[in-house]
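Hi,

Here's the structure I said I'd pass along.

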Amino acid sequence: MTSAPLAGRLDGLLFFPVTAYGPGGALDLDAFRAHVRAGVEAGAGAVFAACGTGEFHALTPEEFQACVAVAVEETGGRVPVLAGTGYGTALAIRYARLAQEAGADGLLAMPPYLVVADQEGLLRHYTALAGATPLDVIVYQRDNVVLTPATAVALARVDGIIGIKDGHGDLDLMQRIVSAVRSEGLDLLYFNGLPTAELTGRAYRGIGVTLYSSAVFCFAPDIALAFHRALNGGDDATVDRLVDGFYRPLVELRAKGRGYAVSLVKAAVRMGGLDVGEVRPPLSEPSPAHLAELAGIIERGRALLGDAR
């Protein structure tokens with residue numbers, strides 16, 4: 001059920017920072033701090049620390065808690081901080097409690113590890129997670145978590161569950177979820193959580209889903225914010241220009257390598273001058289040719305901003 005303290009604060013572009021590592025691969029909290037600070041100062045609406053883009057899967061519990069604590073310190077209450085959690089129910093609860101101790105405002109519940117659960121099992125999992133801490137929970141629908149409208153309604157009745165982030169991309173299903181929850185007089189927040197959400201921004205807005213996470217904000221907040229303003233303001237010419245010249249080429253490049261939804265973003269942050277290190281295994285770095293292509297796409301995106309001005 002929607003909780004005003006957090007749900008009312010989630011607005012604008014949602015920032016999913018990468019996790020920074022030093023030359024030896026250890027956590028670099030100073031670089032991570034600088035990355036979070038830059039994002040908040042650029043205008044992030046919320047910080048989602050140690051989530052998918054932040055390589056939640058690759059962090060130890062101690063590293064996870066340290067990252068969340070740094071994000072909380074750097075935001076200083078200016079915007080909410082949400083932390084990732086996942087794996088099986090017991091570990092998800094453990095990470096949730098670590099996030100609570102670190103001062104997070106909420107949780108993004110990523111799909112349970114490996115298993116393909118039925119709807120009853122998913123409902124039990126998220127209900128247990130929501131009851132384990134006072135932190136509000138957003139359920140991430142993707143991969144092995146695909147909710148039926150009936151399960152979404154049941155989740156909307158659970159205290160502490162405030163939203164669904166959709167990384168599955170089935171607009172028909174999302175429309176039925178939104179309709180079913182609304183028809184029961186319930187309320188949830190909905191987020192477009194596809195890897196490059198801007199590309200489908202108008203489609204999701206058509207079914208009432210206006211919030212989205214922006215991986216581009218990590219490395220080109222100027223482009224991400226310009227697109228966000230254009231989308232919200234009905235500036236179709238700017239939206240089309242950026243989709244055609246920047247976002248579509250970026251998505252096509254992302255499709256050329258496994259794990260590029262994370263490793264390309266991290267490489268782009270490094271291109272911007274902040275050394276956040278490479279991705280940890282099992283992810284791999286983009287090829288030199290793809291890095292050159294990425295640099296050209298970013299350059300073209302900024303040129304398009306200049307054209308718009």
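One term before the rest: when I say contact, I mean heavy atoms within 4.5 Å. Also keep in mind that this is a predicted model.

With that in hand, take F48. Skipping its neighbours within four places in sequence, F48 is in contact with L10, L14, F15, F16, P17, L82, L108 and I138. F48 also belongs to the largest nonpolar core, which has 65 residues. Along with L10, F64 and Y190, F48 is one of the residues with the most contacts inside that core. Helix α4, residues 89-102, gives the most to this core, with 7 residues. Another core lies apart from it and has 50 residues, including V18, C67, F246 and V276. As background, nonpolar side chains tend to be buried together in soluble globular proteins.

A50 is in the loop between β2 (46-49) and α3 (61-75), while D143 is in the loop between β5 (136-141) and α6 (149-156).

Buried or exposed: which is A50, and which is D143? A50 is buried, because its relative accessible area is 0% and the cut-off for buried is under 20%. D143 counts as exposed, because its relative accessibility is 58% and exposed means over 50%.

Last one: P281 and P282 are joined by a cis peptide bond, with omega about 15°. You'll find P282 in the loop between α11 (260-271) and α12 (288-308).

Cheers

Note on methods
Residues are numbered from 1 along each chain as its sequence is written. This is a predicted model: local features need pLDDT of at least 70, side-chain atom pairs count only at pLDDT 80 or more; totals for chains, interfaces and linings use all residues. Side-chain values use heavy atoms; hydrogens and water are left out. A nonpolar core is a set of buried Ala, Val, Leu, Ile, Met, Phe, Trp, Tyr and Cys residues joined through side-chain atoms within 4.5 Å. Buried means under 20% relative accessible area, exposed over 50%, partly exposed in between (1.4 Å probe, protein chains only). Helices (H or I, at least four residues) and strands (E, at least two) are DSSP runs, numbered from the N terminus.
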